[in-house]
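Here are some notes for a colleague who has not seen this structure before. They start with the aromatic rings and then move on to the helices.

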Amino acid sequence: MTTGSLKQAAESARSKSSEVMGAAKREPASVATDLLHTPFMRAALPFINGGAAGMVATTVIQPVDMIKVRIQLAGEGTSGGPKPTALSVTRQIVGSGKVLDLYTGLSAGLLRQAVYTTARLGCFDTFMGTLTQRARDQGRQIGFADRAGAGLAAGGLAAMVGNPADLALIRMQSDGLKPLAERKNYKSVIDALSSIAKNEGVAALWSGAAPTVVRAMALNFGQLAFFSEAKAQLKVHTDLSTRTQTLSASAIAGFFASFFSLPFDFVKTRLQKQQKGPDGKLPYKGMADCFRKVAKQEGVLRFYRGFGTYYVRIAPHAMVTLIVADYLGFLTK
């Protein structure tokens, strides 16, 4: 065999070896990509991404949510009464216990996000995909009415599924307001859910479901519809970067979500916190009765008490959730 032939054989062997090694390196990425693009994963990813985004946001925002609930429950049944601020409530919680008390109910909050936000964002993305395709078939662009309808439907469906976890969260956060002898001292969300079901019946886990559903629909209308619309408008009418567009759109969405949903969030908190008195009766018969009694006894503006705290709770939560969901959506394209 000549020297030239040996060189050609060596080059050929080296070339084949490189191809094999390259294929081996590419295979895991290829398998991962193929898995992400299976029909099942394409359908499941909006739900997985939504749940993960919601849980990250809740971990960040939980102390603000705790303060918001305490503000809403202060001065119940009186037109005057205490007018707590976020600062005074924070001082009270930290002064009477530990800083970690601000994270009371975190397990319930995470379970709620795992159920509620998973369903909410997953359904919204699924509905939007269907509506976008329908609009394309009709030769038009998807409009605000489509976005609003998708947000309302996704919010209502998710709220029904997530109500038990939401109820457990409110009970755990309000437990510290009771006299020591009456406190349940729930150990976890599972303990809270089992205790409520055992003492009040399984149906009690859906206490406050009506305002929870309406609140979720209002919040999603404000958050998802306005986020989607604001992002679309900013993309067309500004030269902002994609990240700045997302931040700006989520801040706008947070304001509208807070404005539309706070009265229902207030009533939801009151209904989920209530328990039977010595006479065996509940303070409120339902959503309409709670709206009527609060307006009469405490004034209409009571429904918007703590708007600043609520916005600080909703807007960053919306921003973190939507940004993380956007990023996860980008990674799993």
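1. The count of aromatic pairs comes to 16, where rings of Phe, Tyr and Trp (its six-membered ring) pair if their centres lie within 6.5 Å. Planes under 30 degrees apart count as stacked, over 60 as edge-to-face and the rest as tilted. One of the pairs is Phe226 with Phe256, which is stacked, at 4.1 Å centre to centre and 10° between the planes. Phe226 belongs to helix 7 (residues 209-237) and Phe256 to helix 8 (residues 242-273), so this pair ties together parts that are 30 residues apart in sequence.

2. This is a predicted model, in which local features need pLDDT of at least 70 and side-chain atom pairs count only at pLDDT 80 or more, while totals for chains, interfaces and linings use all residues. Residues are numbered from 1 along each chain as its sequence is written, and side-chain values use heavy atoms, with hydrogens and water left out.

3. Is Phe226 buried or partly exposed? Phe226 counts as buried because its relative accessibility is 18%; buried means under 20% relative accessible area, exposed over 50%, and partly exposed in between (1.4 Å probe, protein chains only). Phe256, at 27%, counts as partly exposed. Phe256 also forms an edge-to-face pair with Phe255, at 5.5 Å centre to centre and 80° between the planes. Phe255 is partly exposed, with 37% relative accessibility.

4. These rings belong to one aromatic cluster, whose members include Phe226, Phe255, Phe256, Tyr304 and Tyr311.

5. The protein chain has 10 helices and 0 strands; helices (H or I, at least four residues) and strands (E, at least two) are DSSP runs, numbered from the N terminus. Buried residues make up 42% of its 333 residues.

6. The axes of helix 4 (residues 106-137) and helix 7 come within 12 Å and cross at roughly 50°. Axes here are lines fitted to C-alpha atoms, for helices over the stretch in contact, with angles from 0 to 180 degrees between N-to-C directions. The two helices are therefore oblique to each other, as angles under 35 degrees count as roughly parallel, over 145 as roughly antiparallel, 65 to 115 as roughly perpendicular and the rest as oblique. Among the residues that meet are Arg112 and Tyr116 in helix 4, and Arg215 and Leu219 in helix 7, contact meaning heavy atoms within 4.5 Å.

7. An unreviewed UniProt entry annotates residues 310-330 as "transmembrane region"; such annotations may be inferred rather than shown by experiment. In the model this span is 100% helix, and its end C-alpha atoms lie 30 Å apart.
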